[in-house]
Amino acid sequence: MIDDETRYRAVGSRDARFDGVFFTAVRTTGIYCRPSCPAVTPKRVNCAFYPTAAAAQGAGFRACRRCRPDSVPGSPEWNHRADLVGRAMRLIGDGVVDREGVAGLAGRLGYSSRQLQRQLTAELGAGPIALARAQRAQTARLLLQTTELPVTEVAFAAGFASVRQFNDTVREVYDRTPSGLRTEVSADRRGGAPAGTLSLRLAYRGALDSDHLIDFLALRAVPGVEEVVAGGRPGVRTYRRTLTLPYGHGIAEVDGLGTGVRPDRGWLDCRLRLTDLRDLTTAVHRLRALFDLDADPDAVDGQLAADPLLGGLVRSRPGLRSPGHVDPHELAVRAVLGQQITVAAARTLAARLAERYGAALPEPSGGLRLLFPTAAALADAEPADLAMPEARRRALRGLCAALADGTVRLDGGVEREQAAAELLALPGIGPWTVGYLRMRALADPDVFLPGDAGVRHGLLRLGHPGDPKAAAAAGAAWAPWRSYAVHRLWAAASAAPAPAATSAFSSSASASGSESDNA
């Protein structure tokens, strides 16, 4: 927790590390800003601080036109916190309030609407409706300034119930009419993307090791569903994949930073093609989770860099992230497919299932042709299509049935401990699979996998014993960022050939592809 004096010092130094963590409202101007706003620092007596943009808007402040506080990275708290507020913010970010209303959000969280309203208002200064409204306003601005869609279509695509509500919100938040907000960006910039494509920037704070992210995703890319290709600029690689979304489907492209670009540039270039624009907020939220863009690398790296074992790795590669996923059901299926086999073999098996049970896109896009199969489709998969041992086949079908009927939930609103217990109760699902899903599907920053082959190899390369007991002892010092330490060790394991004494594990060392403790 930080106090207001610390916040004011951050504003005075224009510290971008705090962008999205809090917002500064200036009473004399009626505007609110991100901490790094380049405007003249206001007097302390004129400043008020709010934990969310929605709270600042609810207090009557409008967004600064210079620093665009609505486009900052999200607070890292909403990624990592496991309490009611953190879980609610993850679901609101995914668009649950727009699709299911406050009652639907409360039902997913196991609270009444009144309890939820009270808890969010007490801590964030805004309830779920206000938080969703602020998110809709940001989506509307994005559509107005990156597309030539008619204003009426923008209103409904952003999630507003009526054009009047849309107009009133835009005027209140931005002190502009929708048309006025659109004209702030030139027509050339709005028309720069190909027809039907939304071009946007995914903001992040601190340093970002995009090479690690692209390498990690490329190694696991399922043909037809994902691919990594050369980008539009020299030295840039682009990750592309299909998305299954609440109202339709989409194709996402995210560029790495490329050669010669500073790791702290502050954004990744992204392009989206959606069959239904109402999915824009959800698609952006899920891509941000995939690339871990709301993390605070200064907090993570600051602690891990001080560790005698990991410090050298951290200093040599700052900004390494812990990738999430765009679809927790897909990730769960792929985690089971990867038990006790190499990543390459698991990817091949996933590709076969995608060909057999995935929905085909109406039109292929490059190498992308398929949506990954749903859990319901795979729960009824023919045994002949599941080329794996019988025990793992039962585990996969049991997991898919539990995901399809809601017995097990892996969305951002679940309690992590409850989800872990439900997964462990399924046959063939052991601690490695549960830990991997907590780390990637549930955004848990403090997961350690002491029995993982890649962790073992990474520790051995650092001159430390790699057995599970020794690994767990070393990992205790890395809390609460052990998920990031796991990725550091995986990266170290893939940097050179595996030690001769442990060559039996080399096929999965760089990719954590084995469920070493499952039957």
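This briefing covers a sheet, the nonpolar cores, a helix pair and one aspartate. The model is predicted. Its five-stranded open sheet runs in the order S5-S9-S8-S7-S6, with antiparallel pairing. Strand S7 is largely enclosed by the rest of the structure, because six of its eight residues are buried. The largest nonpolar core has 119 residues.

**Sheet layout**

- From one strand to the next, the twist averages 25°.
- Helix H13 (residues 280–290) packs on this sheet. H13 touches S5, S7, S8 and S9. The direction of H13 makes about 140° with that of S9.
- As background, strands of a sheet pair through backbone hydrogen bonds, either parallel or antiparallel.

**Strand S7 and its partners**

- S7 spans residues 237–244. Six of these eight residues are buried, so the strand is largely enclosed.
- On one side, S7 pairs with S6 (residues 226–230) in the antiparallel sense, over five bridges.
- Within that pairing, arginine 240 in S7 is the bridge partner of glutamate 227.
- The hairpin of S6 and S7 has six residues between the strands. In this hairpin, glycine 235 takes a positive phi near 80°.
- S7 also pairs with S8 (residues 249–255), antiparallel, through seven bridges.
- Here arginine 241 has alanine 252 in S8 as its bridge partner.
- S7 and S8 form a hairpin too, with four residues between them.

**S8 to S9**

- S8 is joined to S9 (residues 267–274) by five bridges, and the two strands run antiparallel.
- Glutamate 253 stands opposite arginine 271 in S9.

**Nonpolar cores**

- In soluble globular proteins, nonpolar side chains tend to be buried together.
- In the 119-residue core, the residues with the most contacts inside it are Leu272, Leu287, Phe291, Leu423 and Trp478.
- Setting aside neighbours within four places in sequence, leucine 272 is in contact with residues including Leu198, Leu200, Leu243, Ile251 and Ala252. Its contacts also include Leu280, Ala283, Val284 and Leu287.
- Gly196 and Thr197 are among the contacts of leucine 272 as well.
- Another core, of 20 residues, lies apart from the largest one. Among its members are Ala88, Met89, Leu109 and Leu120.

**Helix pair H22 and H24**

- The axes of H22 (residues 453–461) and H24 (residues 482–493) come within 7 Å. They cross at roughly 70°.
- H22 contributes Gly454, Val455, His457, Gly458, Leu459 and Arg461 to the contact. On the H24 side, these meet Val486, Leu489, Trp490, Ala492 and Ala493.
- By class, the contact has seven nonpolar, three polar and one charged residues.

**Aspartate 298**

- Aspartate 298 lies in helix H14 (residues 297–305).
- Its relative accessibility is 36%, so aspartate 298 counts as partly exposed.
- Not counting residues up to four places away in sequence, aspartate 298 touches Arg17 and Gly206.
- Aspartate 298 and threonine 242 are 56 residues apart in sequence. In space, they are 32 Å apart, C-alpha to C-alpha.

Definitions and conventions:
Residues are numbered from 1 along each chain as its sequence is written. Side-chain values use heavy atoms; hydrogens and water are left out. Buried means under 20% relative accessible area, exposed over 50%, partly exposed in between (1.4 Å probe, protein chains only). Two strands pair if DSSP finds at least two bridges between them. Axes are lines fitted to C-alpha atoms, for helices over the stretch in contact, and angles run from 0 to 180 degrees between N-to-C directions. Contact means heavy atoms within 4.5 Å. A nonpolar core is a set of buried Ala, Val, Leu, Ile, Met, Phe, Trp, Tyr and Cys residues joined through side-chain atoms within 4.5 Å. Ala, Val, Leu, Ile, Met, Phe, Trp, Tyr, Cys and Pro count as nonpolar, Asp, Glu, Lys and Arg as charged, and the others, Gly among them, as polar.
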